[in-house]
Amino acid sequence: MDFVNLASQLNAGTIVPEGIVIITFLGVLIVDLILGRSSSRWIGYLAVAGLLASIVALYFQWDNINPISFLGAFNGDDLSVMFRGIIALSAAVTILMSIRYVEQSGTALAEFIAILLTATLGAMFLSGANELVMIFISLETLSISSYLLTGYTKRDPRSNEAALKYLLIGASSTAVFLYGVSLLYGLSGGQTQLSAIANGIEAANLGQSLGVVIALVFVIAGIGFKISAAPFHQWTPDVYEGAPTPVIAFLSVGSKAAGFALAIRLLTSVFPLVAGEWRFVFTALAVLSLILGNVVALAQTSMKRMLAYSSIAQAGFVMIGLIAGTQAGYSSMMFYLLVYLFMNLCGFSCVILFSLRTGTDQITEYSGLYQKDPLLTLGLSLSLLSLGGIPPLAGFFGKIYLFWAGWQAGLYGLVLLGLVTSVVSIYYYIRVVKMMVVKEPQEMSDAVKNYPPISWNLPGLRPLQVGLVVTLIATSIAGILSNPLFTLANNSVANTPMLQQSMLVNPQVSVVTTQQP
Amino acid sequence: MLSTLIWVPMLGAAIIGCLPKNVSSRQIRLSALLITGAMLLWTFWVMAQFDIHQPGFQLTEYLPWIETLGLNYQLGVDGISLVMVALNSLITWIAIYSSHDNTERPRLFYSMILLISGGVAGAFVAQNLLLFFLFYELELVPFYLLISIWGGDKRSYAATKFLLYTALSGILILAAFLGLVWLTHATSFAYESLMGQMLPLGLQIILLSLLLVGFGIKIPLVPLHTWLPDTYVAASAPVAMLLGGVLAKLGTYGIFRFGLGLFPEAWATLAPWLAIWATVSVLYGAAAAIAQKDIKRMVAYSSIGHMGYVLLGAAAHTSLSLVGAVSQMVAHGLILAILFNLVGVIEEKIGTRDLNVLNGLLNPIRGLPSISALLILSGMASAGIPGMAGFIAEFLVFQGSYAEFPIPTLLCVVGTGLTAVYFVILLNRTCFGKLDNAIANFPKVKVSERIPALILATLIFILGVQPAWLVRWSEQTVTTMVSTIPTVTNIAHNLEKQHLKM
């Protein structure tokens, strides 16, 4: 194979956005080594600039005519561009909110950002990974960095415990995933590329054999862990409570988006023959997540734990789009993940801000907050109401689109369950709003009584404020002005050959067309 | 034109919410009054532009919005929505007028009321199902806050109950809308394109039942009403006026527009049951009101009874009974608003709402004579005494539905009698008798506190002696609506047409 041919096969241009993240990552590390702590004043901005540059580079990747690169290991189609954008954006906002948080915890900022960028890198590669080894490596890059981030505040016993729990569960679920992946390799006669596996399985006439089903279940165990779908959710509440809050913000958006990207790619291209089965399994997961996430969240007293259960429930909503498996289904997933980014990061910014100022995140401690900190109250109220799906906020349109897509695909029961559980969710979201807004001055909690005067001048608070305001604005108007976002999500599904192929086959399991190489 | 009705209050809400700290509560109230006053004037202008001889939607506006969802910004009024919009503008203005000069946290209070007003106007003029739902759900959080911040005892419980019930009602409605659009394979939620749908009767009945339960919670109809007494009692007077005067009308309007308008065949099938349901509601409301010891609770239960007449009129679906039902919506809005206003004044001046404590308020010197006189007047209006708007509306309903459902109609007439009973109890215990010397040092009622009730009383009286001004707006619309409700021959005819198409 001569060099030109090899270069065209490698087609390294598709991973320019990741390249920028790598350069930023190295830059952050090296600057930290040379300048030491004194660089921490601006190193966060360097990382944000790098991530934004990466998003700009992603813009030029849109509608790439030749998306397959690295001999088929990476697919830069519009689906992956969309998910990589969501992940990079979530990392950028996470860095904005973590500058002050990490500073205050007395740990090094540059190391934190470096690990976060590695996680981002893993997640971005995962969104486009088209080959088993590549999938596994990027999944591990994401996971290992996540374990490190969870235990980053290493003097805090809760953070340590969370890291241990996350590590043990994460490593074992990756092992289960790996076992499923190795089964796929064996079943398909030694193929590692996703489309080749589907062909191999079909050629070996193993259509719906037990082996394929076992591989499917094992793979879903790994995916369910990443998207924290019940019953693979057990780590979520504990990790969310123990880990540093910016990390949670990233795990709840970036890591979850990566999990969904993996789910779409893997399930549609490898398992078209058992589409009915994986839809069924995901229906069960969605039902469990919706019920468990929303009902258990009712009984939480800690803000972060409540948001943990809420994120389990929100995963259940997103799964409706995945199960629908139509054009509208996939694009509603993407749209929801996009608005979920804004609402969740806005909410977490407020939680961080509150805990920076008062040092606690108990829900009852928020009472009477509107008098002391109106911006925080507004931000947290709007983001929680949006998570509950109240019009005219972004979350309302996201949920409507999911339900609409689900109903079109005939998932009546699931949509009705989604509707009913969203009433339940309104209850626990509005409980926090009630604490902040409704309580009289004499019912103020101790934390609010001793609330420090608001100043944005401490290092790292300004970026937090910027992140809060930007996500707040996006949460409030991304619904009303959602047409461009809808078009974006729709186009990214329409321009992805893999999904178009799968939609042709998915209603009936009997026929399989050759996948795009 | 209609957009102004929605966006001026919303914009006003945003402006009021952002007013600086040194603006006093009084000034904020004044600016809210100005905004809603402008809106009221604009409503008159819209009414002047409205052509009452034309049955379809008028003053329509269309903007493409989110095509993917079939959600477009589509507005329009017909006779039914026009009177509802007018009622909304009026009651909002009156509610703000009857709020206190020194309300706590005035920015939030008035911006929430304005938000509700804009949202309700939007729901009444929306000609897209999803747009209607959006505006419908928009009332949820502002009302929750209005009840739970400025309410009375047990406000937290009441507000949460209201929130959950209303959210549930929204879901049922959304499920029905999604079902309708998907089953008819329509590409958008536009109202007019869904009007001629041809679903099998069984499906129609299922969807209609979802709508009935969804809107029945909001109206409310008897077993779905349990949120209402708690919420009305816990809400402060202006909020209760909005809740009963306007929000309940969203439910009946929804039943008219979407139940009757979109499912005429299923409606014709279910009508007898609905008439029975309405009767149960009327009798239950009246009987429960008789048993109450709290005047606000009494008024709340009277509301359940009066909304039952609307359902009876709608169930009979003759053009007379429908006109009656629309008039009843207006009359009930006005009467409930005046009652809540007066009860609010009494509670404020005397400090209790207990029927066993109140006495002799009609005493010209030490009592509250003007308020008591107005209370007697509005009690009579509510009970259906001729000369006032309540009588006209109820009479139209009864006359229109007697031919269809004689027995339910007669039972509802009995319900009117029971209404008179509990209002006489109420008036007897509050206005008549002797003042208790130990507590009878009530603060004076200021002129400005009388004005809202006086305006409403005048309106009730004028519409009672000159009912044409109440009825003329919706006559044409309602007649057209009735003509779409099929008789058996019509159904057969439609089926034949379908066959020919195939």
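How many disulfides does the structure hold over all chains? The count is 0, a disulfide being a pair of cysteine sulfur atoms within 2.5 Å. Cys18(B) is in no disulfide, and the nearest cysteine sulfur, that of Cys346(A), is 16 Å away. Cys18(B) is exposed at 64% relative accessibility, whereas Cys412(B) is buried at 0%. Here buried means under 20% relative accessible area, exposed over 50%, and partly exposed in between (1.4 Å probe, protein chains only).

The model is predicted: local features need pLDDT of at least 70, side-chain atom pairs count only at pLDDT 80 or more, and totals for chains, interfaces and linings use all residues. Residues are numbered from 1 along each chain as its sequence is written, chains are lettered from A and ligands numbered from 1 in the order in which they are written, and side-chain values use heavy atoms, without hydrogens and water.

UniProt, in an unreviewed entry, lists "domain: NADH:quinone oxidoreductase/Mrp antiporter transmembrane" for residues 129–424 of chain A. The annotation of that name in chain B, also from an unreviewed entry, covers residues 126–419. Such positions are given in the numbering used here, feature names are shortened, and annotations may be inferred rather than shown by experiment. The chain A span is 79% helix and 0% strand, with end C-alpha atoms 37 Å apart. The chain B span is 79% helix and 0% strand, with its end C-alpha atoms 35 Å apart. Helices (H or I, at least four residues) and strands (E, at least two) are DSSP runs, numbered from the N terminus.

Helix H10 (residues 235–242) of chain A is largely enclosed by the rest of the structure, because 7 of its 8 residues are buried. Among them are Trp235(A), Tyr240(A) and Glu241(A). The buried residues pack against several helices of chain A, including H6 (132–150), H7 (157–187) and H14 (327–358). Glu241(A) also belongs to a salt-bridge network with Arg158(A), Lys165(A), Asp238(A) and Arg305(A), joined through shared partners.

Over all chains there are 14 salt bridges (a side-chain nitrogen of Lys or Arg within 4 Å of a carboxyl oxygen of Asp or Glu). Arg84(A) pairs with Glu18(A), the closest N and O atoms being 2.7 Å apart. This pair links helix H4 (residues 78–105) to helix H2 of chain A across 66 residues. Arg84(A) is buried at 0%, and Glu18(A) is buried at 0%. In chain B, Asp78(B) and Arg257(B) form a salt bridge at 2.6 Å between the closest N and O atoms. Asp78(B) lies in the loop between strand S2 (71–77) and helix H3 (79–97), and Arg257(B) lies in helix H11 (residues 237–262), 179 residues apart. Asp78(B) is buried at 4%; Arg257(B) is buried at 2%.

Two further buried sites lie in chain B. Ala190(B) sits in the loop between helix H7 (155–183) and helix H8 (191–195), with a relative accessible area of 9%. Its C-alpha atom is 4.3 Å from that of Asn128(B), 62 residues apart along the chain. Asn341(B), in helix H14 (residues 319–350) of chain B, is buried at 3%. Beyond neighbours within four places in sequence, Asn341(B) contacts Ser98(B), Met241(B), Glu449(B), Pro452(B) and Ala453(B). Contact means heavy atoms within 4.5 Å.
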